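Me: I have a structure open here and would like to go through some of its details. Could we begin with single residues and move on to packing?

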Amino acid sequence: MAHYYLQAVGGELDLLSRRRSISDLLADPVTPKPLRQRLSLAEKAVKFAVTDLALAPSGSFQSYADLSRPYAVWAVYATPAYAFDPVTWCFPVAGCMSYRGYFSPDDAHRSAEVLAHEGMDTYVTGAPAFSTLGWFDDPLLNTFIDWPEPWLIGLIFHELAHATLYVSGDTTFNESYAEAVSRIGVELWLQQSGQTKLLEKYRRYHQQRDACLNLIQKSRALLAVVYASRRTPAELLAVKTHILKATRRTYHRMAANWGGGAACDSWFPPHLNNAHLVALTTYSQWIPSLLALMAQEGGAITQFHQSARSLGELPPPLRQEQLRQWLHPASPPAAF
């Protein structure tokens, strides 16, 4: 654990040392024009997050850092081979979380290897950004600054949402809330800017992602029944392998109907396992519930945040029970 904290402190200090203020970069004639344009767009998105999405004012995203690598951190997920209970790690600031982040991919993979030797299913994935929950002024990063407009501003909204509402010990609620805020914000941004075609593309993308999530959830439910049965380890492995292969085949049929499945191709690799399924649902499970809550509030974003905060104050079982009631709304509106 000492090594983990050392790499975490060193990685964060390195990231912060690379920051340059956006105002300085915009005033510097050497700053490339494409970067200048993206920084200006990000500045507008941060203002929009406060004025139109009622997110808490923050010192984050007032600077930019080039990390000279493709991801900010690498996250490690782990579960038992025949269960979906994620391994959790607890930290002084963030509380308990269902993944652990590393600033080095080698460190992340070494951690995963140790867990795999213990019989765990493991999954390592790169993350373009993370939030320090207001403890530091997080910068914009090279890892996402060149993303298309909806996804760049959506990531900004997502990370600022973490600094607005964070429930210690409930990773799935936190990530689902932040992603719901992101989707609500991008829709509103594109509507107000009159970018109709881009809005349609964004909605198609998320329709595909929602279909993928539904497939993942059905596979998890089926596997959960299998894992609870009195089968031998060999029988469990055989059935698990069959279901995961069937899940991938179903996805590829879906993607073929879409004319390509770029929206979630990375969700269904050949090595699909429990940890991978947990990672996907961690970021997505309660999004439909929270979008239904937004619709219930009539699109009133301030009331939405207040209701989400009230949910966060409930004991976890009651919070999950309430979220399940909204999990399959009859027909959530495409716009707010």
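Me: In which helix is the place of threonine 164?
Reply: Threonine 164 belongs to helix α5, residues 149–164; helices (H or I, at least four residues) and strands (E, at least two) are DSSP runs, numbered from the N terminus. This is a predicted model, in which local features need pLDDT of at least 70 and side-chain atom pairs count only at pLDDT 80 or more, while totals for chains, interfaces and linings use all residues. Residues are numbered from 1 along each chain as its sequence is written, and side-chain values use heavy atoms, with hydrogens and water left out.

Me: Is threonine 164 buried or exposed?
Reply: Threonine 164 counts as buried because its relative accessibility is 12%. Buried means under 20% relative accessible area, exposed over 50%, and partly exposed in between (1.4 Å probe, protein chains only).

Me: What is threonine 164 in contact with, leaving aside neighbours within four places in sequence?
Reply: Its contacts are Leu55, Ala56, Tyr177 and Arg309, where contact means heavy atoms within 4.5 Å.

Me: Now leucine 293. Where does it lie?
Reply: Leucine 293 is part of helix α10, residues 287–296. With 1% relative accessibility, leucine 293 counts as buried.

Me: And which residues is leucine 293 in contact with, beyond four places in sequence?
Reply: Leucine 293 is in contact with Phe304, Ser307, Ala308, Leu311 and Trp326.

Me: On to helix packing. At what angle do α7 and α9 pack?
Reply: Helix α7 (residues 196–227) and helix α9 (residues 274–282) pack at about 135°, and their axes are 10 Å apart. Axes are lines fitted to C-alpha atoms, for helices over the stretch in contact, and angles run from 0 to 180 degrees between N-to-C directions. The two helices are therefore oblique to each other: angles under 35 degrees count as roughly parallel, over 145 as roughly antiparallel, 65 to 115 as roughly perpendicular and the rest as oblique.

Me: Which residues make that contact?
Reply: From α7 come Leu213, Ile216, Gln217, Arg220, Leu223 and Tyr227, and from α9 Asn274, Leu277, Val278, Leu280 and Thr281.

Me: How many bridges join β2 to β8?
Reply: Two bridges join β2 (residues 63–65) to β8, and these strands run parallel. Tyrosine 64 stands opposite leucine 140 in β8.

Note on methods: Two strands pair if DSSP finds at least two bridges between them.
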